[in-house]
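These are my notebook entries on one protein chain.

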Amino acid sequence: MRLALRPFALCSLAILAAANAAVALAACSDSSSTCPETTSAAVVANDIYGQSLPADTLALTFDDGPGPRTEELADFLTAKGIKATFFMVGKNAANYPALLAKLKANGHLVANHTQNHNDLTTVVNGANGPANVVNELTLNDNILAANVDQNHFLFRAPYFAYNANVYAAIHASPMDKYVGPVRADIGTFTSYPNGASPNPEVPANAVTAADWDCWQTGQRPGDKTTWTTQQCVNIYLKEIRAQRRGIILMHDIWDGTIAPSSPQSNTIDLVKALVPVLQAENFKFVRADEVPDIAAYFPKPPVDAGVDAARDAGPDASDAGLDAARDAALDGASDAAADATVSDAGPADAAADATVAADASPPTDGGTFVPDAGESNPGPKPADAGCK
Ligand SMILES: [Zn+2]
C-alpha cells in the first residue's frame, strides 16, 4: 500500500508548494508528475464502490425517499453520532423542504437519485433520450441543491442502471457536477451459500440480503413470507462482518409502485436494531462523500488555508503538527509525514474511474419493481490504476 501511494507523495509536495492554488491538485501540472488528471467533481463512466474505505468503516446510504419515517431515521442516526447519505427521488423530496434543511444542518448528505426513479438506460433510448436523462437529474437538482452539504453533489442511478450512453448524456451537461454513479457493496441482493437454491422459508440460511427483499413477498423465487426485522438484521450483520467495509444500500421508503399493502419503511426498524450492534463492534460510519474513491473528486481547499486558519485561531502550538508534517515532507525525510500528506491529497484511485470503459451490462428489471438491486452479480469493481 505504501509503495502504491508513493507517487502521490510527490504530488503532495507540489500541492504544498502551491500555497494559493484554487484547486489543490491543479498544482500537479508538471508533465513528469504522476498525479491524477481528473480532480474536479464529475460523473464518471463506471460505478464507484466503497472498497477504498478503511477496514471496519461503513457508509450508510438510503434510497428512494424521503418518506414519512425519514426524519425519524435521521434523528436516530444523529443521536448515534452517525452521518448518512440520502439518495432522494426528487418527486418525493419536493414534499419535505423543511426536512432537507434539517438533514443538512445535522450533517447528513442529500443526494440525487433522479426525479422520477426511471431506468435511465431505457430513458436514454427514447425520443430526446439524452435530454430526458439530463432532465431527470436537473429536476431533482433544482429541489435538492440548496441543501447539499458543501456542494458535494452525489448521484446514484435508479436500479443501478447505467451505461455509456447515460454517462455521455450527463457528462455533456451541467449535471456533470455530480460525482457518481455511487454503487453499493453491501445489502444489494439476497444470496445463499455456494449458490444454493434460494430457500426463503429459511432466511437464516441467507448470507446476504437486500432490505426490500426482506419485507416484500414475491421478490425471491418461491417466496411466500416476509422476514422479520431481526431476521433481516442477522443477515445484514453476517454480510457486514464478512466484508468489514463498504457502502451499504437501504431504502427509507418504497417507491410508489409498491402496493400500499406492502410493509412500509421496515428498514428504519432494521437500522435501529443493527446500528447499536455494529457500534459495539467498533464499526465506524461515514458519509458516501467520505469514501476515498469518491472524496478524491471533490476539490480540496488550499492546504495553506487550513494552516492559516489554525494559526489565526489559536496559539502556535495548534499548527505545530501541520508545519512539522509539511517540513518533513518537503525534506523527504519522513515516510510517515509523506504518507500524511498523501491522505491530504486524496486516495490513489482518484482518476481511475474516469478512464475505465463503461459498463455495458446494466442490471435488468424483469418487470417487477426491484429497488436498485435487481442483479445477483454486482459487476466489475472499478480498476485501481494508482496515480496515473
Ligand atoms: Zn432507487
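**Entry 1: basis.** I am working with a predicted model, in which local features need pLDDT of at least 70, side-chain atom pairs count only at pLDDT 80 or more, and totals for chains, interfaces and linings use all residues. Residues are numbered from 1 along each chain as its sequence is written.

**Entry 2: whole chain.** I found 15 helices and seven strands; helices (H or I, at least four residues) and strands (E, at least two) are DSSP runs, numbered from the N terminus. Buried residues make up 46% of the 388 residues. A residue is buried if 20 or more other C-beta atoms, placed from the backbone, lie within 10 Å of its own.

**Entry 3: nonpolar core.** I noted that the largest nonpolar core has 81 residues, and that Ala-59, Val-110, Leu-154, Ile-170 and Ile-248 touch the most other members. Such a core is a set of buried Ala, Val, Leu, Ile, Met, Phe, Trp, Tyr and Cys residues joined through C-beta atoms within 7 Å. I then looked up Val-110: leaving aside neighbours within four places in sequence, its contacts include Phe-86, Met-88, Leu-100 and Leu-144. Two residues are in contact if their C-beta atoms, placed from the backbone, lie within 7 Å.

**Entry 4: helix H6.** Helix H6 (residues 129-144) reaches 23 Å from its first C-alpha to its last, close to the 22 Å expected. The expected span is 1.5 Å times one less than the number of residues. Among the buried residues of H6 are Val-133, Leu-137 and Leu-144. The buried residues of H6 pack against elements including strand S3 (85-88), strand S4 (109-112) and helix H7 (164-171).

**Entry 5: helices H2 and H10.** The axes of H2 (residues 70-79) and H10 (residues 266-280) come within 10 Å and cross at roughly 10 degrees. H2 is therefore roughly parallel to H10, a label for angles under 35 degrees. Axes are lines fitted to C-alpha atoms, for helices over the stretch in contact, and angles run from 0 to 180 degrees between N-to-C directions. I listed Glu-72, Leu-73 and Phe-76 of H2 and Ile-268, Val-271 and Lys-272 of H10 as making the contact.

**Entry 6: around H10.** The buried residues of H10 include Ile-268, Val-271 and Leu-274. What covers the buried residues of H10 includes H2, helix H8 (211-215), helix H9 (229-243) and strand S6 (245-251). Just after H10, I noted that Asn-282 takes a positive phi of about 70 degrees.

Definitions and conventions
Angles under 35 degrees count as roughly parallel, over 145 as roughly antiparallel, 65 to 115 as roughly perpendicular and the rest as oblique. A residue is buried if 20 or more other C-beta atoms lie within 10 Å of its own, exposed if 12 or fewer, and partly exposed in between; C-beta atoms are placed from the backbone.
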